[in-house]
Amino acid sequence: MKITEVINVKNAAGKSVTLQHLVPGITYLDYGFTHLPRSFDGYRVKDTDRTAEKQGDGSFKLSDSNDVYKAS
């Protein structure tokens with residue numbers, strides 16, 4: 001997986017996370033730093049295996065919560 005974009009986002013409560021846009025390709029991420037499949041194409045929370053889905057309005061919804069994050 002290759003990182004093509006890094007985005008800092010924040011939810012309504014002020015909690016911030018860093019998202020990485022990953023695309024298929026071989027880099028150091030494929031050697032033990034993540035458990036996501038090598039073919040993963042999407043957003044993940046930096047340094048975790050948590051993922052986020054981009055919404056139509058440009059915000060992001062984390063896969064394991066109902067919180068919506070927007071670019072800060």
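**Strands and side chains**

Trainee: How many bridges pair strand 4 with strand 5?
Mentor: This is a predicted model. Strand 5 covers residues 60–62. The two strands pair in the antiparallel sense. The number of bridges is three.

Trainee: Which residue in strand 5 is the bridge partner of lysine 54?
Mentor: Lysine 54 falls in strand 4, which spans residues 51–54. Its bridge partner in strand 5 is phenylalanine 60.

Trainee: In what order do the six strands close into a barrel?
Mentor: The pairing in the barrel is antiparallel. Neighbouring strands are turned against each other by 40 degrees on average, direction ignored. The order is 1-2-3-4-5-6.

Trainee: How many bridges join strand 1 to strand 2?
Mentor: Strand 1 runs over residues 2–11, and strand 2 over residues 16–23. They run antiparallel. In one of the pairs, valine 6 has glutamine 20 as its bridge partner in strand 2. The number of bridges is eight.

Trainee: Which residue takes a positive phi in the hairpin of strand 1 and strand 2?
Mentor: Four residues lie between the two strands. The phi in question is near 95 degrees. The residue is glycine 14.

Trainee: Where does the side chain of asparagine 11 reach, at 2.8 Å?
Mentor: Asparagine 11 sits in strand 1. Its relative accessible area is 10%, under the 20% cut-off, so asparagine 11 is buried. Leaving out residues up to four places away in sequence, asparagine 11 touches Asp67, Val68 and Tyr69. At 2.8 Å its side chain reaches the backbone nitrogen of lysine 15.

Trainee: Which residue in strand 3 stands opposite glutamine 20?
Mentor: Strand 2 and strand 3 pair in the antiparallel sense over four bridges. Leucine 19 stands opposite valine 45 in strand 3. Opposite glutamine 20 stands arginine 44.

Trainee: Which side chain of opposite charge is nearest to arginine 44, and how far away?
Mentor: Arginine 44 is in strand 3 and is buried. Its side chain reaches the backbone oxygen of threonine 48 at 3.2 Å. A salt bridge needs a nitrogen-to-oxygen distance within 4 Å, and arginine 44 has no salt bridge. The nearest side chain of opposite charge is aspartate 49, 4.5 Å away.

Trainee: Which residue in the turn between strand 3 and strand 4 has a positive phi?
Mentor: Strand 3 and strand 4 run antiparallel, joined by two bridges. In this pairing, tyrosine 43 stands opposite alanine 52 in strand 4. The hairpin has five residues between the strands. The residue with the positive phi, about 65 degrees, is aspartate 47.

Trainee: Which side chains meet in a salt bridge?
Mentor: The structure holds one salt bridge. The pair links distant parts of the chain, 14 residues apart. One partner is in the loop between strand 3 and strand 4, the other in the loop between strand 5 and strand 6. At 2.9 Å, N to O, the partners are arginine 50 and aspartate 64.

Technical notes:
Residues are numbered from 1 along each chain as its sequence is written. This is a predicted model: local features need pLDDT of at least 70, side-chain atom pairs count only at pLDDT 80 or more; totals for chains, interfaces and linings use all residues. Side-chain values use heavy atoms; hydrogens and water are left out. Buried means under 20% relative accessible area, exposed over 50%, partly exposed in between (1.4 Å probe, protein chains only). A polar contact is a pair of N or O atoms within 3.5 Å; within protein, one must be able to donate a hydrogen and the other to accept it, and residues adjacent in sequence count only if both atoms are side-chain atoms. Contact means heavy atoms within 4.5 Å. Two strands pair if DSSP finds at least two bridges between them. Axes are lines fitted to C-alpha atoms, for helices over the stretch in contact, and angles run from 0 to 180 degrees between N-to-C directions. Lys and Arg count as positive and Asp and Glu as negative; His and the chain ends are not counted.
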